[in-house]
Amino acid sequence: MKLDLLNKHQDAINTAVKALHERTFYAHYPENPSPEVYGENADKEGREKYKSHLNSKFSELLQNDPEQWVGQEESPYEQQPLNVKYPFFSPETLVNRAEEAFHQWRKVRPADRAAILVESLERVRERFFEIAYATMHTTGQAYMMSFQASGPHAADRALEAIAAGFEEQTRFPESTEWEKPMGKYNLKLNKTWKAVPKGVALVIGCSTFPTWNTVPGMYASLVTGNPVIVKPHPKAVLPIAIFVAEVQQVLRDNGLNPNICQLAVDADDYLITKDLAEHPKVKLIDYTGGTEFGNYVENLKGKTVFTEKTGVNSIILDSVDDLDKVAQNLAFSVTLYSGQMCTAPQNFFVPEKGIKVGGEQVPFEDVVQKITEAVSGLVNNPKAGPHILGAIQNPATAERVKSAATVNGKEVLSTCDFSNPMFANARTCTPVIYEVDATEKESYSRELFGPIVLIIKTKDTDQSIALAKEMAMEYGAISCGAYTTDPDVKEKIMDEMSLAGTPVSFNLTGGIYVNQNASFSDFHVTGGNPAGNASFTNPEFVIKRFTWVGFREPVLG
């Protein structure tokens, strides 16, 4: 390497590997956007830098000779086009350039690749605020979530993938002298091994979390020696384009081909994802998005595929100590980013006889009322509502919420638009809550993406558990929340939901929510149900991106 990056970043890599093993709290990048951490003018400069991209070409990418300049993003807050234009390249050009870069990148030592990639994250760190505003105005996330999720949390997830890839490629010795006793003589062989990357990788991003969901696969493929083509959702390009630009700059600074990491965007009249995914030279695919396209990607022949798709997430209510605290916690979970999170809860299973609260039986109707009031209180709080709900990324999501009357149940809280004091034109809608009987399976056996809550009346907690498990096994689930003060019920929920490949958060109140996953500690998606076939970051997430190849020859003399 031209730059001495290994010495610079080896401690960070080692600490990240240690954090992977310990699973305790670790964050390399601080999540608090305070001036004390990031500098007095960081926010102002980031906002100005974001604005400088509007109505202009994004010219930072080191990708030459574009066929045209294209862009389709619009702000959910202003409902106006961003008019940022990105260089468009045909799938064939992108794949050919990646294939050419592959033969340089695969020969870089894993430790050096890891150091180069950590350096890219350190440079991205200087742009967290710029990325935050880019995320706000492409996804509709509120400012704080935009900063945390697309900046430090995404960078930590990327570092996690780097650490896992580095460890798996250095797990075994590079060489050894092998000696087998044969009696009067010994057989001796020199043996060496190489971790050989699989080839061109494609990462297909989503519209709601353009960096957080993209960088794990992107960095996992890069650290294992594969060139990457990053294909973002056409409505959320700018945040991940900044990441790609920084990776390319570090590659160039170290005498490497910037096409080791390329940005691929759709033209208005040419959607390129399928052509890229089906290209015979593309060997690895990471995908985040809807189930239908995810199933298509999983069924492509000759590809190693990592998916996160849609799921039906459940809350199981059995017994609690303080129903008010539980209701507040659940209200925050369903309103956070207007329910546009893959971990947001949808199906709330409540027994028809109600639940025990501090030893007393509280009727079903009162439980529903408590949850409804907590959601209404949060939404109508002018200091909290806009900062939690954000805006709706896709007009189809707002339509889904407003037409949720297709749910066969009783509406207990209707949705409405609300005004954002900073953005008069923001696309918004508040959560809608329906009371549904357990017999109406068709209503709750699907993901209703957005702020839609179904409170499902069951015979008892056993049926609640059985239905939550069934939903996860049949339709997938990424999260599950459960509330019980009974150790036997808790054990049963753990046992049944683990068989459905679904992590469970028990008895959450206060400042931690079922939606949240922590880097270096929580595995995101398990790969154990239809919500996805992969989990970041576990060893399988990186070891399937390369193969071990051995070489041996007799020891002479």
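## Helices H5 and H8

In this predicted model, helix H5 meets helix H8 through two sets of residues. From H5 come Pro110, Ala111, Arg113, Ala114, Leu117, Val118 and Leu121. From H8 come Ala155, Ala158, Leu159, Ile162, Phe166 and Gln169. By class, this contact holds 11 nonpolar, 1 polar and 1 charged residues.

H5 spans residues 110-125, and H8 spans residues 152-169. Their axes lie 10 Å apart. The packing angle is about 175 degrees. Angles over 145 degrees count as roughly antiparallel, and H5 and H8 are therefore roughly antiparallel to each other.

## Helices H6 and H10

On the H6 side, the contact uses Glu130, Ile131, Ala134, Thr135 and Thr138. On the H10 side, it uses Leu238, Pro239, Ile242 and Phe243. The residues of this contact divide into 6 nonpolar, 2 polar and 1 charged.

## The buried side of H12

Helix H12 runs over residues 291-298. Gly294, Tyr296 and Val297 are buried in this helix. These residues cover an arc of only 155 degrees around the axis, which puts them on the same side of H12.

What covers the buried residues of H12? The cover includes helix H11 (273-278). It also includes two strands, S9 (282-288) and S10 (304-308).

## Aromatic pairs

The count of aromatic pairs comes to 21. One of them joins Phe172 and Trp548. Their ring centres are 5.4 Å apart, and their planes stand at 75 degrees. Planes over 60 degrees apart count as edge-to-face, so the Phe172 and Trp548 pair is edge-to-face.

Phe172 sits in the loop between H8 and strand S4 (175-181). Trp548 belongs to strand S21 (residues 546-554). The pair therefore ties together parts that are 376 residues apart in sequence. Phe172 is partly exposed, with a relative accessible area of 44%. Trp548 is also partly exposed, at 33%.

Elsewhere, five aromatic residues form one cluster: Tyr29, Tyr38, Phe128, Phe129 and Phe147.

## Backbone exceptions

Most residues other than glycine have a negative phi, and most peptide bonds are trans. Where is the cis peptide bond? It runs from Phe536 to Thr537, with omega near 0 degrees. Thr537 lies in the loop between strand S20 (504-506) and helix H20 (539-543).

Asp65 has a positive phi, near 55 degrees, and is not a glycine. This residue is found in the loop between strand S1 (56-57) and strand S2 (68-70). Is Asp65 buried or exposed? Asp65 is exposed, with a relative accessible area of 63%. Gln79 also has a positive phi, about 50 degrees, although it is not a glycine. Gln79 is in the loop between S2 and strand S3 (84-88). Its relative accessible area is 35%, so Gln79 is partly exposed.

Key:
Residues numbered from 1 in each chain as written. Predicted model: local features only at pLDDT ≥ 70, side-chain atom pairs only at ≥ 80, totals over all residues. Heavy atoms only, no water. Buried < 20%, exposed > 50% of the residue type's maximum accessible area, 1.4 Å probe, protein only. Helix = DSSP H or I, 4+ residues; strand = E, 2+ residues; numbered from the N terminus. Arc of directions from axis to C-beta. Contact = heavy atoms within 4.5 Å. Axes fitted to C-alpha atoms, helices over the stretch in contact; angles between N-to-C directions. Parallel < 35°, antiparallel > 145°, perpendicular 65-115°, else oblique. Nonpolar A, V, L, I, M, F, W, Y, C, P; charged D, E, K, R; others polar. Phe/Tyr/Trp six-rings, centres within 6.5 Å; stacked < 30°, edge-to-face > 60°.
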